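Here are my notes for a colleague opening this model for the first time. Please read them with the structure on screen.

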Amino acid sequence: MAQGKGAHGLAAMDASGLLSPYNFSSMVQRDDDVTIKVLFCGLCHTDLHVIKNEWGNAKYPVVPGHEVVGVVTDVGGGVTKFKPGDTVGVGYFVDSCRTCESCRTGHESYCPQLVETSNGAEIDGGATTLGGFSDVLVVRQDYVVRVPESLPPSAAAPLLCAGITVFSPMVEYGLNAPGKHLGVVGLGGLGHMGVKFGKAFGMKVTVISTSLSKRDEALGRLRADAFLVSRDPEQMKAAASTMDGIIDTVGVLVGVYAGEK
Ligand SMILES: *[C@@H]1O[C@H](CO)[C@@H](O)[C@H](O)[C@H]1NC(C)=O
Ligand SMILES: [Zn+2]
Ligand SMILES: [Zn+2]
């Protein structure tokens with residue numbers, strides 16, 4: 001039987017939150033697979049939830065990482081999109097069923113059989129996927145993206161999950177046009193991406209936050225145009241109906257799910 005490549009990674013062995021060196025065999029490269037030497041991998045809060053088994057679904061050992069940038073080292077015989085030497089990225093998932101409504105309309109992230117890059121279950125055989133905290137990753141070409149030479153690979157890595165998480169809805173709702181006014185609620189890992197995309201799209205960007213503590217970062221470093229303190233009713237009233245759309249990056253589910261409980 002074919003063997004994968006000897007891979008060196010970091011894995012969580014239990015819910016302690018610690019990662020330790022972990023040697024394993026990478027997946028065997030299939031016909032439509034790209035083998036990637038990983039250069040950089042972001043750390044997303046989802047990784048922390050899984051590593052610590054906070055969602056109750058950890059399949060240890062867990063090799064985290066789904067914001068991966070690397071260089072193609074080998075390709076299967078059926079690969080047409082990439083060649084060795086290409087700089088590429090891999091995001092939150094590495095496969096999906098390809099036939100359901102979501103897959104057919106370009107919304108694979110909603111596929112019921114979605115295969116997450118880390119701690120996911122392969123459709124064929126159910127093996128647990130091992131993520132980007134490793135030197136080798138083997139992924140089907142359709143779930144690999146090209147990373148432009150002009151982007152520093154280390155800075156590109158967080159775009160593969162945090163970036164696309166705000167970019168996709170912004171584009172879906174037309175919040176990517178010069179002159180429009182975007183509101184960004186929260187200025188963490190996702191919010192700062194929203195500000196940067198908004199400015200890159202030529203938009204006016206207002207950051208909405210509960211306190212003044214993020215004001216300097218928003219207006220100075222990230223070049224947002226305005227800053228609103230959401231606890232100040234006067235400011236909020238004055239800004240009502242002035243924006244074309246608001247992207248909410250604060251993970252507070254109260255209100256959304258309250259009615260379902
Ligand atoms: C992994 O393999 C390397 C040699 O390739 C070895 O030096 C190292 O001790 C191994 N680590 C573990 C945790 O087995
Ligand atoms: Zn993520
Ligand atoms: Zn599907």
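**Notes on the model**

1. Where pLDDT is low, the predicted coordinates should not be read in detail.

2. Now the chain as a whole. Its mean pLDDT is 94, and 95% of its residues reach 70 or more. This is a predicted model, in which local features need pLDDT of at least 70, side-chain atom pairs count only at pLDDT 80 or more, and totals for chains, interfaces and linings use all residues. Residues are numbered from 1 along each chain as its sequence is written, chains are lettered from A and ligands numbered from 1 in the order in which they are written, and side-chain values use heavy atoms, with hydrogens and water left out.

3. Take the zinc ion (ligand 3) next. Its protein donors are Cys97 (SG), Cys100 (SG), Cys103 (SG) and Cys111 (SG), at 2.3 to 2.4 Å. Donors are N, O and S atoms within 2.8 Å of the metal (3.2 Å for Na, K and Ca); water is not among the atoms, so sites may look incomplete. The spacing along the chain is C-x2-C-x2-C-x7-C. The donor atoms subtend angles of 105 to 117°, so the arrangement is tetrahedral (four donors with all angles between 85 and 135 degrees).

4. Cys103 is buried, with a relative accessible area of 9%. Cys111 is buried too, at 5%. Buried means under 20% relative accessible area, exposed over 50%, and partly exposed in between (1.4 Å probe, protein chains only).

5. Which protein atoms hold the zinc ion (ligand 2)? The donors are Cys44 (SG), His66 (NE2) and Cys161 (SG), lying 2.1 to 2.2 Å from the ion. In sequence they are spaced C-x21-H-x94-C. Cys44 sits in the loop between strand E3 (33–41) and helix H1 (45–51), and His66 in the loop between H1 and strand E4 (68–75), so the pair ties together parts that are 22 residues apart in sequence. Helices (H or I, at least four residues) and strands (E, at least two) are DSSP runs, numbered from the N terminus.

6. Stay with His66. Its relative accessible area is 2%, so His66 is buried. Cys44 is buried as well, at 15%. Beyond four places in sequence, the contacts of His66 include Val90, Tyr92 and Leu160.

7. How many disulfides are there? The count is zero, a disulfide being a pair of cysteine sulfur atoms within 2.5 Å. For Cys41 the nearest cysteine sulfur, that of Cys44, is 9.9 Å away.

8. Last, check the backbone. The peptide bond from Tyr60 to Pro61 is cis, with omega near -5°. Pro61 is in the loop between H1 and E4. Asn53 is in the loop between H1 and E4, and has a positive phi of about 55° although it is not a glycine. Arg98, in the loop between strand E6 (93–95) and helix H2 (101–104), has a positive phi of about 70° and is not a glycine.

Terms used
pLDDT is the predictor's confidence in each residue, from 0 to 100. Four donors count as tetrahedral if all angles lie between 85 and 135 degrees; four count as square planar and six as octahedral if opposite donors are over 155 degrees apart and all others between 65 and 115; anything else is irregular. Contact means heavy atoms within 4.5 Å.
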